[in-house]
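Colleague: I would like a close look at a single part of this chain. Please keep it short and plain.

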Amino acid sequence: MTMVKALTDAALAERIFTAVADASSDAPGVSRESYGAGETRALEIIAEIAAENGLTCETDAYGNLWMRLPEDSRREPPVVIGSHLDSVPHGGNFDGLAGVVAAMMVLIRTRPYYDDAPPLRALALRGEESAWYGKAYIGSLALLGKLPPNALDLHHRNGTGTLGEAMSHIGIDTHAIRAGHAVLEPKDISAYLELHIEQGPVMVARNWPITVVTGIRGNVRHNTVHCIGEAGHSGAVPRWLRKDAVLAMAELLSRMDEHWRVLLQMGMDLVMTSGICTTATDSHAVSVIPGDIRFSLEIRSQDAATMERFYDLIRQECRAIETSRGVSFAFDQRIDTAPATMDTGWITRLEAAAHRLSLPLESIPSGAGHDAAVFANAGIPSAMVFVRNDHGSHNPFEAMEIADFLKGVDLLAEAVHVPG
Ligand SMILES: [Zn+2]
């Protein structure tokens with residue numbers, strides 16, 4: 001009996017993953033543009049297969065797809081299980097889609113005993129990826145009436161049109177979004193649960209098929225820090241008279257790397273990245289001491305205080321290096337994204353469910369952002385389950401085993417059914 005059921009679940013999951021991948025194939029990988037054709041096609045396929053499996057589908061005013069059991073007419077705030085259907089350009093098939101498929105399968109799975117569980121909804125969100133319009137969580141923010149109005153004026157990555165135009169094109173009322181009209185208030189749902197592939201390498205390295213997420217890292221970013229020194233002849237200026245901007249930046253990053261190492265040893269959650277760095281292309285040369293350099297800075301942590309502490313250290317070290325090397329650092333606008341804490345009640349509930357199912361369940365922070373952060377920061381109890389995935393994410397080589405995925409579905413179904 002168990003064997004037959006497992007095969008049926010695996011076959012259904014495979015069928016949905018393959019159908020959506022085929023419909024959004026864009027070699028290498030898949031492209032499901034936020035509020036574009038690939039995402040729309042994915043929503044249609046999900047709705048078709050949901051209907052075949054007896055689920056009732058409804059599209060909200062902002063284009064997100066909601067699924068529920070038709071026999072469940074209870075009116076109290078439901079537990080919503082969801083994720084997003086868009087992808088980055090030439091991305092992997094499982095980022096986002098896995099969570100939507102899991103949500104559908106939990107609904108189908110709990111059907112025989114639905115009234116023993118809280119009311120459930122499966123949600124397929126649009127517009128989570130920032131890759132298309134430079135803004136993440138568009139769908140979930142709009143849903144809660146929290147999308148900043150100027151986000152609608154953001155231009156597509158190809159410079160072709162705005163987000164607002166793309167939304168209008170598929171029938172979304174952008175005036176309502178601009179006015180901050182919410183599709184739902186935080187009190188309208190009792191919890192938000194999301195299954196997602198892990199986008200880092202930890203679970204593969206540790207051999208963990210599924211984990212529960214402790215929190216979602218926030219970040220502090222500067223798109224551009226400008227370090228200004230003095231250009232000069234590379235052969236003629238002695239070391240003590242140089243104001244080398246590249247060495248100043250290198251020293252800053254090296255000092256921060258050491259602070260990072262120490263903070264990790266103290267048990268803090270932190271990552272730091274300087275992903276863009278360039279000297280002035282119109283004037284740099286092998287024989288010129290670099291007079292200026294521009295670089296990006298990003299720090300992420302689950303803990304706002306840790307980020308603040310590290311940020312203060314960055315600014316302190318900049319001042320010290322300005323004095324010792326005769327350079328100056330100019331920071332552009334600081335951009336903050338708050339970390340999100342996952343709900344301890346739901347984490348306990350998931351751990352208890354894993355125990356009952358004899359599934360080992362470690363916990364892990366999420367380094368990447370997810371819609372769950374938007375729901376959590378709106379005050380909705382939120383939790384996430386990660387599924388092991390090889391080769392990272394945001395690339396065509398994402399590799400999730402269906403057997404691991406089904407463990408995640410089992411865990412969610414057990415946790416919603418039986419309180420911990
Ligand atoms: Zn995602």
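Colleague: Is asparagine 389 buried or exposed?

Modeller: First, the ground rules. This is a predicted model, where local features need pLDDT of at least 70, side-chain atom pairs count only at pLDDT 80 or more, and totals for chains, interfaces and linings use all residues. Residues are numbered from 1 along each chain as its sequence is written.

Now the residue. Asparagine 389 is buried, as 26 other C-beta atoms lie within 10 Å. (Buried takes 20 or more such atoms within 10 Å of the residue's own, exposed 12 or fewer, and partly exposed falls in between; C-beta atoms are placed from the backbone.) Asparagine 389 sits in the loop between β17 (382-387) and α12. Helices (H or I, at least four residues) and strands (E, at least two) are DSSP runs, numbered from the N terminus.

What touches it? Setting aside neighbours within four places in sequence, asparagine 389 is in contact with Phe94, Ile197, Glu198, Glu398, Ala399 and Met400. Contact means that C-beta atoms, placed from the backbone, lie within 7 Å. Glycine 54 is 335 residues away along the chain, and its C-alpha atom is 30 Å from that of asparagine 389.

Arg349, Leu350, Ala353, Ala354 and Arg356 of α10 meet Leu411, Glu414 and Ala415 of α12.

Terms used
Contact = placed C-beta atoms within 7 Å.
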